[in-house]
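Please look at the sequence and the model before reading on.

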Amino acid sequence: MPQLSITTIATDTPMGAQAYQRQVTSRAAEALAAIDPRWTVREHTARSLRSRLPGDRRLPLSRLAAAPASVRRAVGRMLYAGDTVSHRMALELPPSPHADVATLHDVVAWRFPDEAAPVAAAAEELRRSAAVICVSAFTAEEAVRFLGVRDPHVVLNGVDPRYLDAAPLPEPTLRELGLDRPYVLHAGGAAQRKNLAGLAAAWRRVQPERHDLVLALAGPPHPRRTALFDGIPATRLLGRLPDDLMPGLVASATAVVVPSLYEGFGLPVLEGMAAGVPVVAANTSSLPEVAAGHALLVEPDADSIAAGILDATSGDSALDALVRGGRAHAAAFTWERSAAGHARVWSAVR
């Protein structure tokens, strides 16, 4: 019987990549059974040698990331023994000697110096893989151009259905978060490519014209974010919030802003549209592809971001059609469809 293994790395700070892993992995067996019921699926979670996080494989992950290709191949022979197809969902993991499938969310490790350094052998391993799955056409183009990957497969992400059904958070919950008036929401990390500097400068322009609004920033605490927004009026640093609060937080927002210089996909755009909120997104990288005309696209400079936020919070009736179209567009991005796309790749490389 054909066997697929899906291997991830344990983390205590799950972000968009971990949402992808969870959603695809949980649907893998059903998606493969629709193609061939003989498939079996096993899941592995790798963790470092001293990690207290849950997992079933211990690996020297930091040393493995810097190890020569020959060492990584040797570890892969042990890790994926018995597989027909092995899908590794993090490039830090070693390649499989069987049909090796890897997910590539973006190439930021190669393009942005403030990101984690790329795994030394990753580019060559991707070129040798049986299949590379990219989460957007933009990322697939980057994989070809920067890494020399041939014929990557584009399988788009989905949106958590909780966003489509999300109700605004109750007022007492919002007040506990420090949100006592309408707000514009940014959710995500603080890497330079997130363009928080552009957003901070933009908010200084917006705030005098929108006295009733605050800018809420959700994401793991980071000194860059703290420094950028220190002293800017009407801003709230919410920190990292529980996952079950996020759909309601998005649905409660007056607008969502995604000013990034670079994204491999851009889940916050899709989540904002799914929750029925106007979205302002930078006209960069994968964001126009994901928005598909259902967001206010702006250049990633302060003046343009400010103008987009002012438009999105203007109450103009034209926004109603934008929001309706965005919600319908987002509803088509199901994780079932994404899992089915993965299953077609797994089955094809068997």
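## The second largest pocket

The lining of the second largest pocket divides into six nonpolar, eight polar and two charged residues. Here Ala, Val, Leu, Ile, Met, Phe, Trp, Tyr, Cys and Pro count as nonpolar, Asp, Glu, Lys and Arg as charged, and the others, Gly among them, as polar. This pocket has a volume of about 310 Å³. Of its 16 lining residues, Thr8, Gln18, Gln21, Arg22 and Thr45 are the closest to its centre. Strand S1 (3-9), helix H1 (16-33) and strand S2 (40-47) each give two or more residues to the lining, and H1 provides the largest share, five residues.

A pocket is an open set of points on a 1 Å grid over the protein atoms alone, where a 1.4 Å probe fits, with protein on both sides within 12 Å along at least five of seven lines; lining residues have an atom within 4 Å of a point. The volume is the space filled by probe spheres set on the points.

## Helices H9 and H14

The axes of helix H9 (residues 196-206) and helix H14 (residues 302-312) cross at roughly 55° and come within 8 Å. The contact (heavy atoms within 4.5 Å) includes Trp203 and Arg205 of H9 and Asp303 and Ile305 of H14. By class, it has 10 nonpolar, one polar and two charged residues.

## Basis of the model

The model is predicted: local features need pLDDT of at least 70 and side-chain atom pairs pLDDT 80 or more, whereas totals for chains, interfaces and linings use all residues. Residues are numbered from 1 along each chain as its sequence is written, and side-chain values use heavy atoms, leaving out hydrogens and water.

Conventions
Axes are lines fitted to C-alpha atoms, for helices over the stretch in contact, and angles run from 0 to 180 degrees between N-to-C directions. Helices (H or I, at least four residues) and strands (E, at least two) are DSSP runs, numbered from the N terminus.
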